[in-house]
Amino acid sequence: AHTGLSRDEEDYSYQEVPIDVVSPRRGDLWTAGQVVHVRWEPTKASHRCLRFVRIEMHYTLQAPERSGGKRSQHVLALSKIPVPNIGVFSWRVSQPPDLKGTILAPVVSVVDETSGTRSDSQAFDFDTTQAISFTCPDENTRFGRSGSCYNIRWQTAGMLARRATIHLYREVPNRARSDHL
């Protein structure tokens with residue numbers, strides 16, 4: 001853990017105060033839509049002296065090969081405003097804005113509001129996969145005659161657009177292709 005400076009309330013001098021970021025850890029996986037908990041262990045001195053911290057995610061973005069494959073450094077503010085230094089912050093994982101590439105080696109930082117010094121978590125995995133899985137109908141559903149109505153239900157993973165288009169196809173026995181409905 002890195003050490004930061006905090007203001008001693010009694011004599012207004014500065015002292016080093018460690019903050020140990022304990023979660024996320026190496027091997028953790030954050031997926032879009034999941035609620036995660038950033039955890040840190042403020043020492044008694046830091047809890048008394050550092051009243052507020054900022055929570056950030058620092059990451060490298062690897063652009064797709066078709067776009068040149070360049071890497072660039074980014075910072076995403078997880079807390080839009082400083083939060084109390086109580087050792088935990090919950091966040092619903094969302095895809096960084098204008099994500100065009102793969103997130104590499106993300107770390108979460110707890111930043112001392114007084115000095116700007118940051119303490120980092122271990123690098124973890126960040127999955128921005130977007131998917132739709134249908135729950136109804138499933139592969140065992142038998143459809144009736146043409147013109148019948150059926151409910152379609154699905155679950156999403158990741159941050160999908162508000163609108164989606166569903167294309168229905170049917171398999172036609174003894175034909176090389178499926179017909180578009």
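User: Is Ala 105 buried or exposed?
Analyst: Ala 105 counts as exposed, because its relative accessibility is 53%. Buried means under 20% relative accessible area, exposed over 50%, and partly exposed in between, with a 1.4 Å probe and protein chains only. This is a predicted model, in which local features need pLDDT of at least 70 and side-chain atom pairs count only at pLDDT 80 or more, while totals for chains, interfaces and linings use all residues. Residues are numbered from 1 along each chain as its sequence is written, and side-chain values use heavy atoms, with hydrogens and water left out.

User: What is the phi of Ala 105, and where does the residue lie?
Analyst: Its phi is positive, about 45°, although Ala 105 is not a glycine. The residue lies in strand β9. Strands (E, at least two residues) and helices (H or I, at least four) are DSSP runs, numbered from the N terminus.

User: Which peptide bond is cis?
Analyst: The bond from Ser 23 to Pro 24 is cis, with omega near 15°. Pro 24 is found in the loop between β2 (14–23) and β3.

User: Changing topic: how many aromatic pairs does the structure hold?
Analyst: It holds two. In one of them, Trp 30 and Trp 91 have ring centres 5.9 Å apart and planes at 50°, so the pair is tilted. Rings of Phe, Tyr and Trp (its six-membered ring) pair if their centres lie within 6.5 Å; planes under 30 degrees apart count as stacked, over 60 as edge-to-face and the rest as tilted. Trp 30 belongs to strand β3 (residues 29–31) and Trp 91 to strand β8 (residues 88–92), 61 residues apart.

User: And what does Trp 30 form with Phe 124?
Analyst: Trp 30 and Phe 124 form a tilted aromatic pair, at 4.5 Å centre to centre and 45° between the planes. Phe 124 sits in the loop between β10 (118–120) and β11 (125–127) while Trp 30 is in β3, so this pair ties together parts that are 94 residues apart in sequence. Both residues are buried. Trp 30, Trp 91 and Phe 124 form one aromatic cluster.

User: Which residues have the most contacts inside the largest nonpolar core?
Analyst: They are Trp 30, Trp 40, Ile 55, Leu 78, Phe 89, Trp 91 and Phe 126, in a core of 24 residues. A nonpolar core is a set of buried Ala, Val, Leu, Ile, Met, Phe, Trp, Tyr and Cys residues joined through side-chain atoms within 4.5 Å. β2, β4 (35–42), β5, β8 and β9 each give two or more residues to this core, and its largest share, five residues, comes from β5.

User: Why is β5 largely enclosed by the rest of the structure?
Analyst: Strand β5 (residues 52–62) is largely enclosed because nine of its eleven residues are buried.

User: Which strands run antiparallel to β5?
Analyst: Nine bridges join β5 to strand β9 (residues 102–112), running antiparallel, and Val 53 stands opposite Asp 112 there. Strand β6 (residues 71–77) is also antiparallel to β5, with seven bridges, and Glu 56 stands opposite Ala 77. Strand β7 (residues 83–84) pairs with β5 in the antiparallel sense over two bridges, with Pro 84 as the bridge partner of Phe 52. Two strands pair if DSSP finds at least two bridges between them.
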